[in-house]
Amino acid sequence: MKDTLFCTPLPKRFEFDNQVAGMFDDMLARSIPYYHETLKLASHFIAQDLEGVVYDLGCSTGNFLTSLSALLSSDVPLVGVDNAPSMLAKAQEKLKLANVSWRCEDILHTSLENAGAIALLYTLQFIRPLQRQALIGRIFHALKPGGVLVVAEKMMSLDRILDKQMIELYYLYKQAQGYTLNEISFKREALENVLVPYSLQENTALLEQAGFKHVEVLFKWVNFGLLIARKT
């Protein structure tokens, strides 16, 4: 279903409800530059030397686990976690494999037993800033030695001028994807204080403060990026 959510101003606070779930895949593909390429990159690095369960925290409609499952044997446990029932319903329709399970739970409290790899793809930006360090710390302790965390985020720049230029280029990108200026404006207003981006430096600091010694940028396009952190 085509994303028409922001053709008019939202009459309520943005939430991942049935209306959003129905058009979310189109929204992702048209709103996040190189979205599918990012999923493929994250899948590739998680699939290397994997030992244990893979958790996708904030799995939404299951696109990442769908991508990852194609690279793994059918005996690797995959767990998608999201607190939006409408999103999980779409995920369950999309990926029906015996080794894949879905949890409707808060990612801040879900169990992460025998974690070989964990994905936070465009999820951390929706977590309250005061809760992010605790979540990353919990993930670090849950991962087995050698396990990896992949984090994809919309990011801001600490330089005010560069940040403004990045946002302007991103809006041009969205226009090229068919969004009108009104849609772009209405979405920005709806997500204010709901999606709170950190800079690349701030996201890296979260990972390092949690205990990750090896943090790398796998991909960056203007104000979107993919990081990987490995637990030694």
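Visitor: Which residue in E8 is the bridge partner of Val-148?

Guide: Arg-230 in E8 pairs with Val-148. Keep in mind that this is a predicted model.

Visitor: What makes E5 and E8 a pair of strands?

Guide: Two strands pair if there are at least two bridges between them. Strand E5 (residues 143-156) is joined to E8 by seven bridges, so the two count as paired. They run antiparallel.

Visitor: How many bridges join E7 to E8?

Guide: Seven bridges link strand E7 (residues 214-221) with E8, and these strands run antiparallel. E7 and E8 form a hairpin with two residues between them. In that turn, Val-222 has a positive phi of about 50°.

Visitor: Why is E8 called largely enclosed?

Guide: Six of the seven residues of strand E8 (residues 224-230) are buried, so the rest of the structure largely encloses this strand. Buried here means under 20% relative accessible area.

Visitor: What about strand E2: why does that one count as largely enclosed?

Guide: In strand E2 (residues 78-82), five of the five residues are buried, and therefore E2 is largely enclosed by the rest of the structure. Leu-78, Gly-80 and Asp-82 point one way, while Val-79 and Val-81 point the other way.

Visitor: Which way do E1 and E2 run, parallel or antiparallel?

Guide: Strand E1 (residues 53-57) and E2 run parallel, joined by four bridges. Asp-56 stands opposite Gly-80 in E2.

Visitor: Which residues meet where H1 and H4 touch?

Guide: On the H1 side are Asn-18, Val-20, Ala-21, Gly-22, Phe-24 and Asp-25, and they meet Ser-86, Met-87, Lys-90 and Lys-94 in H4. By class, this contact has four nonpolar, three polar and three charged residues.

Visitor: Why is Asp-49 called exposed?

Guide: Exposed means over 50% relative accessible area. Asp-49 has 76%, so this residue counts as exposed. Its place is in the loop between helix H2 (35-47) and E1. Asp-49 also has a positive phi of about 55° although it is not a glycine. As a general rule, most residues other than glycine have a negative phi.

Visitor: Is Ser-60 buried or exposed, and how do you know?

Guide: The relative accessibility of Ser-60 is 13%, which is under the 20% cut-off, so Ser-60 counts as buried. Ser-60 lies in the loop between E1 and helix H3 (63-69), and has a positive phi of about 50° without being a glycine.

Visitor: What makes Lys-96 exposed?

Guide: Lys-96 has 69% relative accessibility, over the 50% cut-off, and therefore counts as exposed. This lysine lies in the loop between H4 and strand E3 (100-104).

Visitor: How many residues apart in sequence are Lys-96 and Pro-33?

Guide: Lys-96 and Pro-33 are 63 residues apart in sequence, and 28 Å separates them in space, C-alpha to C-alpha.

Technical notes:
Residues numbered from 1 in each chain as written. Predicted model: local features only at pLDDT ≥ 70, side-chain atom pairs only at ≥ 80, totals over all residues. Heavy atoms only, no water. Contact = heavy atoms within 4.5 Å. Nonpolar A, V, L, I, M, F, W, Y, C, P; charged D, E, K, R; others polar. Buried < 20%, exposed > 50% of the residue type's maximum accessible area, 1.4 Å probe, protein only.
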